[in-house]
Amino acid sequence: MGARLGGDAMTSATVGAAASAFVRRRPPAEVRRRRFLLAVANHSLLIAAAIVFLAPFLFIVLTAFMTNDQALSPDLWPHPFRWQNFADVFHNAPLWRYALNSLIYGGLATLFLLVSSIPVAYALSRLRWRGRHAAFLIVLVAMMLPPQVTIIPVYVMWAKLHLVGTLWPLILPNLLGDAFSIFLLRQFFLTIPEEYIDAARVDGCGEFRILTTVVLRLAKPAIAAVALFSFLFTFNDFFGPLLYTQENPANWTVSVGLSQFRTLYQVQWNLTMAATLMAMAPVIALFFLAQRAFVEGVTLTGVKG
Amino acid sequence: MLERRRSRRKAAWRRRGTVFAFMSPWVAGFSIFFGYPLVMTAYYSFTHYDLLSSPHWVGLANYRYLFQSDQMIWPAVSNTLWLMAVAVPANAVFAFGIALMLSRARAGIGFFRTVFYLPALAPPVAATLGFVYLLNPATGPVNTLLRHLGIEGPLWFDSPEWSKPSLVLLGIWGVGNLMIIFLAAVIDVPRHLFESASLDGAGPLQRLRYVTLPTISPVILFAIVIGVIEALQYFTQAYVASTIAGGSAAASAESANALGYPLQSTLFYPVLLYQQGFRYFNMGYASAMAMLLLAVAFAVTLLILRNSRRWVHVSGAMR
Amino acid sequence: MRRVATIVTLLAVVFALVAVSACGGDSEPAAEGSANITFWTGFTERELGVMKDVVADFEKQHPNIHVKVVGGIDDDKIVAAIRGGTAGDVLHSFASDNTGAFCSNGAWIDLADYMEQDDISDDIFPPAPRYYTQYNGTRCALPMLADVYGLYFNEDMLAKAGLSGPPRTMSELTDYAKKLTVRNPDGSLKVVGIDPLDGFYENAAAHWGPSWGADWTDDSGKSSLSTNPGWAKMLQWQKELIDWYGYDDLVRWQNTAGDEFSPQNAFEKGKLAMNVDGEWRVAFIKAEAADLAFGTAPMPVDDAQPDLYGSGYTTGSIVGIPKTSKHQDEAWELLKYLATDTGALVKMTNGIRNVPTTSDALMSTDIEPDENFQVFLDIFGHPETRTTPITVVGAANQELFDAFVTKWQAGKVSDLQGGLANVDEQIDAQLANAGGAQVP
């Protein structure tokens with residue numbers, strides 16, 4: 001047995017030495033069994049981890065159907081199923097208004113951001129000029145510094161303009177570019193083959209026309225990813241809306257509204273979980289609809305890092 | 001000849017004009033929302049300013065209070081450092097581990113990938129609320145399950161020792177984004193490297209250490225840098241967890257005092273800054289805190305990047 | 001390309017329209033000769049309804065002033081709004097603590113001129129409310145309804161345990177608490193006699209202190225947490241009881257207690273046998289738990305100071321006008337009505353069950369009698385009843401002390417006296433530095 005094992009190992013090594021050109025022989029039974037066991041172990045771990053990762057969602061859903069007294073007890077399964085909770089949430093807090101505010105914030109911010117960031121990203125990637133590299137470094141640095149560093153004077157500025165209490169302090173700055181989007185778009189623009197652009201230049205197109213006709217059309221997936229990220233960011237944004245709209249409940253976004261849910265409306269855990277679920281739902285739905293764009297966008301940030 | 005030179009110069013001007021036009025939004029944005037505020041933060045840090053009357057100069061008083069007298073600074077700083085030291089590696093390890101398992105899986109990769117990515121999509125406020133409920137010491141599912149197993153679970157968000165680990169657990173749950181990036185990197189490791197390694201007699205663990213890790217080291221660096229940046233800005237989860245857990249039975253009006261519940265264990269630097277600047281409106285002092293944050297962020301990032309040259313391999317395939 | 005541009009433009013227009021409509025709703029132009037003012041109040045739900053009623057009466061008397069009532073306002077919002085220039089015209093705050101800050105930095109206007117013009121003297125207010133609505137001679141607020149704290153107890157539970165009458169001393173309270181506590185078979189707490197943990201519901205150092213005769217400052221105005229013996233006694237007593245329960249067990253139990261202002265309130269649900277609470281609870285119980293057999297009594301007091309019995313702690317709501325208001329005259333009319341009109345105050349008292357803050361209103365025969373509520377009116381009138389000192393740093397002294405108390409109760413403090421002295425130092429340092437040289 002041992003000799004056979006040794007013999008086979010040597011044979012596979014000899015084969016492996018010329019791996020690329022040859023068809024691989026089936027590895028010996030022991031190796032195959034070990035690999036099979038490893039695969040099973042790997043899969044079991046994966047399944048266990050998946051259960052752990054999904055469990056929180058499960059419990060949130062279950063609690064969302066409980067009565068309040070049950071939510072305050074160690075029971076795990078709702079008895080009875082209280083569908084009314086979801087209606088009660090709206091009775092307790094104007095979730096519709098919060099959703100509308102989130103939508104306005106997200107929609108306008110994304111729009112402005114795209115309009116302003118695309119030219120900047122183009123200039124940083126495809127136009128040749130002195131200081132281009134330095135400018136890009138500055139963009140990177142701006143991305144990395146904590147927002148708390150600049151927040152005070154900016155707040156003072158908006159307070160003097162009497163815009164505190166509204167969402168405008170969050171929306172308007174996007175008219176002047178957003179560091180993260182510029183970064184993403186620049187990375188993508190760099191991958192456009194020079195030939196396309198040269199061809200357009202030869203045809204006599206000015207840079208602006210090149211941007212709008214050639215580049216935009218090619219960059220649709222990247223733009224979709226950036227728009228998606230931007231929307232996601234604004235929907236999840238808490239610090240910004242908290243800072244600027246906390247005193248004015250009419251302008252709360254979903255994130256702020258959810259956090260204030262229990263303090264203001266004396267609410268119970270079952271309703272809070274129902275509201276939490278409703279806050280998570282749009283994002284998850286969006287993900288399933290736009291999976292490809294998501295994954296691509298995430299990869300864009302990291303791999304070329 | 002002259003014609004050509006003139007037209008070339010005109011073209012150069014036009015090009016500069018185009019560049020300027022394209023860059024102008026960002027230049028304006030940078031000046032108004034970054035450059036100018038940075039300078040003003042420095043200025044405010046030397047004043048006493050509460051937004052009701054104009055700032056008045058106090059010299060180094062804010063800094064003196066910051067370094068000598070404020071009893072909240074030390075918890076804030078140490079909590080943030082703790083987060084950096086614990087959460088960043090924890091997130092990286094879990095993201096990498098899951099990515100590794102996924103890369104080895106034979107079937108259902110798409111399904112598993114979705115499962116692990118989904119929590120990362122949950123809005124931070126919603127996720128935190130969910131976890132505060134889940135980890136409720138008396139009635140939460142986690143402690144209920146532990147009780148069935150005969151273990152008396154800790155007080156989680158109500159315990160000064162367990163509140164930060166609870167936040168780390170929350171962070172690990174949401175590690176999906178990082179995991180996807182690691183997955184892409186792991187899959188991209190060239191097969192021939194593995195094969196030559198196993199030829200040389202390397203077992204799976206050694207292959208991991210000498211092939212996989214060095215090849216994906218740029219991504220590890222990325223994870224560390226992003227993690228540190230996030231730790232220095234960590235606000236939402238701490239704010240929501242402490243106000244919800246801390247205010248769970250108390251009067252609603254004083255939610256600001258619950259920040260850091262319990263016993264300042266969740267008082268992170270950005271949270272304290274917010275409290276000083278936008279609850280108490282000590283804007284001068286908060287600006288001094290912001291300057292300190294700036295210095296630390298700068299120093300730490302520089303440190304990591306400088307150090308990275310030693311262990312990060314930038315191979316030809318990845319840039 | 002053109003299609004994309006059209007779609008984008010359309011979307012932009014739609015968004016812009018929605019945005020404008022969503023945020024432009026608040027300011028409608030006032031008709032000629034009339035004014036629209038906004039009244040910000042902390043009340044919500046049922047209590048807010050009562051306020052709206054009272055304001056409607058005011059509008060009938062002043063047909064040229066229209067008032068918009070906004071509920072759910074807390075001090076954080078007030079503070080932020082004044083700085084952002086978006087505050088209402090008449091502001092109501094539940095906590096008198098910020099009077100010092102508001103008056104000294106001019107956030108709320110000085111009312112002296114208006115009061116003189118309308119011939120209102122501040123004697124019409126009883127001593128405590130008169131004190132906590134001014135700072136250093138500047139009166140920038142008027143009191144509107146006061147809060148008084150006492151002991152609520154569940155009569156059924158007391159009867160079942162064979163206890164008659166409410167506890168009058170701290171040792172009786174301890175005895176009652178232990179007898180009324182019920183544990184589950186697995187050892188966790190089911191019903192708690194009384195919960196002394198700071199931060200739970202209305203538990204705060206300021207509310208328990210008066211039972212021990214504890215004062216925040218000595219005669220020279222310095223913080224007296226370490227020099228006044230009442231505080232240390234209070235902390236020792238609390239710690240002993242907490243240790244008897246088991247700190248972790250108590251925290252776990254607190255997580256099963258419902259929200260203080262919800263129908264799941266632990267006392268209303270029978271999970272808590274005795275509770276320190278304010279006089280408003282009487283109305284809440286009537287509305288949410290009408291079957292509950294409960295009684296009210298003054299707080300039990302230190303065994304060594306039996307004369308204190310019958311006193312308690314009081315604080316109250318304050319109302320004022322921010323300096324950013326553009327209709328200060330009209331705001332003053334509403335303010336005057338809310339704070340001094342006997343009819344209005346009585347209506348609020350009957351509906352919200354808070355204590356009225358003018359001597360006239362207190363003696364009005366229109367107040368609906370309720371024996372449980374009467375207890376609080378009596379406490380309010382007791383000479384030993386205390387309130388917290390008004391300082392220029394607002395409630396910072398209480399916050400600092402409560403943070404210390406929480407630490408002490410969790411068992412993290414080894415040197416009680418030293419710890420108290422440290423808190424005194426911090427409070428005095430903050431007060432000395434506030435408003436100028438050093439920081440907060």
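Which residues of helix 7 (residues 163-173) of chain B are buried? They are B:Ser163, B:Lys164, B:Ser166, B:Leu167, B:Leu170, B:Gly171 and B:Trp173. Keep in mind that you're looking at a predicted model.

**Chain B overall**
- Chain B is built with 14 helices and two strands.
- Its radius of gyration is 25 Å, well over the 20 Å that the globule rule gives for 319 residues, so chain B is more spread out than a compact globule.
- If you box in the C-alpha atoms of chain B along the principal axes, you need roughly 80 × 65 × 35 Å.
- Of the 319 residues in chain B, 48% are buried.
- Take the contacts in chain B with a separation of 6 or more: 68% of them come from residues 24 or more positions apart.

**Where chain B meets chain A**
- On the chain B side, 77 residues are in contact with 74 residues of chain A.
- Helix 1 (residues 2-44) of chain B gives the largest share of that side, with 17 residues.
- Sort the chain B residues that touch chain A by type and you get 58 nonpolar, 15 polar and four charged.

**Back to helix 7 of chain B**
- Within chain B, the buried residues of helix 7 pack against helix 3 (73-104), helix 4 (109-121), helix 5 (124-134) and helix 12 (236-246).
- Those buried residues also pack against a helix from the other chain, namely helix 2 (29-64) of chain A.

Conventions
Residues numbered from 1 in each chain as written. Chains lettered and ligands numbered in written order. Predicted model: local features only at pLDDT ≥ 70, side-chain atom pairs only at ≥ 80, totals over all residues. Contact = placed C-beta atoms within 7 Å. Helix = DSSP H or I, 4+ residues; strand = E, 2+ residues; numbered from the N terminus. Nonpolar A, V, L, I, M, F, W, Y, C, P; charged D, E, K, R; others polar. Buried ≥ 20, exposed ≤ 12 C-beta atoms within 10 Å, placed from the backbone. Rg over C-alpha atoms; globule rule 2.2 N^0.38 Å.
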